[in-house]
Amino acid sequence: MHIYDTLTKKKKVFRPRNKKRVEMFVCGITPYDSPHIGNLRSFLNYDMIANYLRKKGYKLTYIQNITDIDDKIIKKAQEENTTCKKISEKYFSELKQILKKLNINSVDKYAKATDYIDQIIKQIEVLIKKGYAYQSGGDVFFDVTKFKEYGKLSGQKLSKLKKAKRTEEDKNKKHPYDFALWKAKKIREPFWNSPFGPGRPGWHIEDTAITQHFFGPQYDIHGGGIDLIFPHHECEIAQQEAASGKKPFVRYWVHSGFVNIKGEKMSKSLGNIIPASLVLEKYSPELIRFTLLSVHYRSPVDYSDKIFKTAKNALEKIYEFSERLEKYKPKDEKKECKVIKNQIKSFFLSMDDDFNTPKAFAAFFNVIKKANLKIDKNTLSKKDIKNIKKFFSDFEDIFKIKTKKTKTQKIPDDIKQLLKARQKAREEKNWNESDKIRDALLKRGWQVQDTKDGQIIKKI
Ligand SMILES: [Zn+2]
């Protein structure tokens, strides 16, 4: 098995530190706002990776952090006149609901930064003692000039990095790229006491303090969105390798690609952020998983209704085939189809090749295509059926996408209410209103049909 490593910029043979035991850490959210499609895609990708590693027999420990203390949370709490704790709990619970709906449940532990303040302080103390960090005006900074390999992950040289605009915080720094490990207490901000004075941790240090606590100074896989390579992950390497003197800090740096909207990066400033809840309202969890996972985890996804439509057709093909297979009565009992066996093999080889899901999906559909042809000719054997069933069950475990249609479709309450209102409008022969509601339903991804027995609704 090979995994692409951002640090060495190549696919490397997967060799965990302890044979079959794998330790994976992925950067989680900063809960200050509702999760968006970008968060959702990243967590789905790592869910697939975790499921696949477990399917291959690895004993995986998967940890995600929750940055529950941060500038953005503080700002939001001040705006809403509440506490940071309330803000982070609200948005973390929103995320949990969305993950539950999407069946993302591979994470063993969500570690909140504020639960590891002692470990954070301890790591900062080590860095000061070793001369990699310095105190300045109540803050503690990491001295990037002391860590000679700073820039190795993102491929940048400190001397060539453009200077960022100087902020208020910068006045205490020696070098503009020095980063805060500890931030001095400010008015109306939560704080903890420490040997460096009252304050709160910087962003980067929480990850390494948490992983040092659970995994030690070195571990196998570190994941996160591609936007976190610099400075976040760069700073993590500097902190951990400086503190422990051991390298590499992690064996595989795995980065998940962006979700673009009409070719543009999704961002607050462009106002094109798509909330995860909206996606879940429009499409079923199965369809979301299928659509997003059919793109390679490192490639960008260009979000549009079209990609869901294409995926929906593909998903229907799987359902149709499964139904056909259920009804099929094989004649021949022994002969195994080589093409089917090879395509199943190709599926796993593709997954072993840096989780190449587009190739794996193609192999999956080749199995269906070949089996359909064999059913036409009545030559699909019992052994073939057994192979296909086992393969489909593996597919379901890895992607958590069912290969059979679920009979019951849950209609959300607000959709039910719209249906009721439409029924009333029709009884009153208010066709204008009835059409308006039909269009509103369509916009939300529900198609309504009028039959002699009343309205029938289905998810598009
Ligand atoms: Zn992180």
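## Overall make-up

The chain's secondary structure comes to 14 helices and 16 strands. Helices (H or I, at least four residues) and strands (E, at least two) are DSSP runs, numbered from the N terminus. This is a predicted model: local features need pLDDT of at least 70, side-chain atom pairs count only at pLDDT 80 or more, and totals for chains, interfaces and linings use all residues. Residues are numbered from 1 along each chain as its sequence is written.

The C-alpha trace spans about 75 × 65 × 35 Å along its principal axes. Of the 460 residues, 38% count as buried. A residue is buried if 20 or more other C-beta atoms lie within 10 Å of its own, exposed if 12 or fewer, and partly exposed in between; the C-beta atoms are placed from the backbone. Take contacts between residues at least 6 apart in sequence: 72% of them join residues at least 24 apart. Two residues are in contact if their C-beta atoms, placed from the backbone, lie within 7 Å.

## Domains

The domain assignment gives domain 1 (2-256), domain 2 (276-399) and domain 3 (413-459). Such bounds come from an automatic or database domain assignment. The C-alpha centres of domain 2 and domain 3 lie 34 Å apart.

## The four-stranded sheet

Four strands form an open sheet in the order β6-β7-β8-β9. The pairing is antiparallel. Two strands pair if DSSP finds at least two bridges between them. The edge strands are β6 (133-136) and β9 (199-201), and each pairs on one side only. From one strand to the next, the twist averages 20 degrees.

β6 pairs with β7 (residues 139-142) in the antiparallel sense over four bridges. Tyr134 has Phe141 in β7 as its bridge partner. The two strands form a hairpin with two residues between them. Gly137, in the turn, has a positive phi of about 55 degrees. β7 also pairs with β8 (residues 179-184), again antiparallel. That pairing has three bridges, and Phe142 is bridged to Phe179 in β8.

In a regular strand the side chains alternate between the two faces of the sheet. Both faces of β7 are covered. Asp139 and Phe141 are buried on one side, Val140 and Phe142 on the other.

## A parallel pair

Strands β10 (residues 219-225) and β11 pair in the parallel sense over six bridges. His222 has Trp253 in β11 as its bridge partner. Seven of the seven residues of β11 (residues 250-256) are buried, so this strand is largely enclosed by the rest of the structure.

Helix α2 (residues 71-79) packs on helix α3 (residues 84-101) at an angle of about 110 degrees, with their axes 8 Å apart. That makes α2 roughly perpendicular to α3. Angles of 65 to 115 degrees count as roughly perpendicular, under 35 as roughly parallel, over 145 as roughly antiparallel and the rest as oblique. Axes are lines fitted to C-alpha atoms, for helices over the stretch in contact, and angles run from 0 to 180 degrees between N-to-C directions. From α2, Ile73, Ile74, Lys76 and Ala77 meet Cys84, Ile87 and Ser88 in α3. These residues divide into five nonpolar, one polar and one charged. Ala, Val, Leu, Ile, Met, Phe, Trp, Tyr, Cys and Pro count as nonpolar, Asp, Glu, Lys and Arg as charged, and the others, Gly among them, as polar.

Helix α4 (residues 117-129) and helix α5 (residues 203-215) pack at about 100 degrees, with axes 9 Å apart. They are therefore roughly perpendicular to each other. In α4, Gln119, Ile120, Gln123 and Ile124 make the contact. Their counterparts in α5 are Ile205, Glu206, Thr208, Ala209, Gln212 and His213. By class, this contact has four nonpolar, five polar and one charged residues.

## Glu286

Glu286 lies in helix α8 (residues 285-293). With 19 C-beta neighbours inside 10 Å, Glu286 counts as partly exposed. Leaving aside neighbours within four places in sequence, Glu286 is in contact with Leu315, Ile401 and Lys402. Glu286 and Asn45 are 241 residues apart in sequence and 14 Å apart in space, C-alpha to C-alpha.
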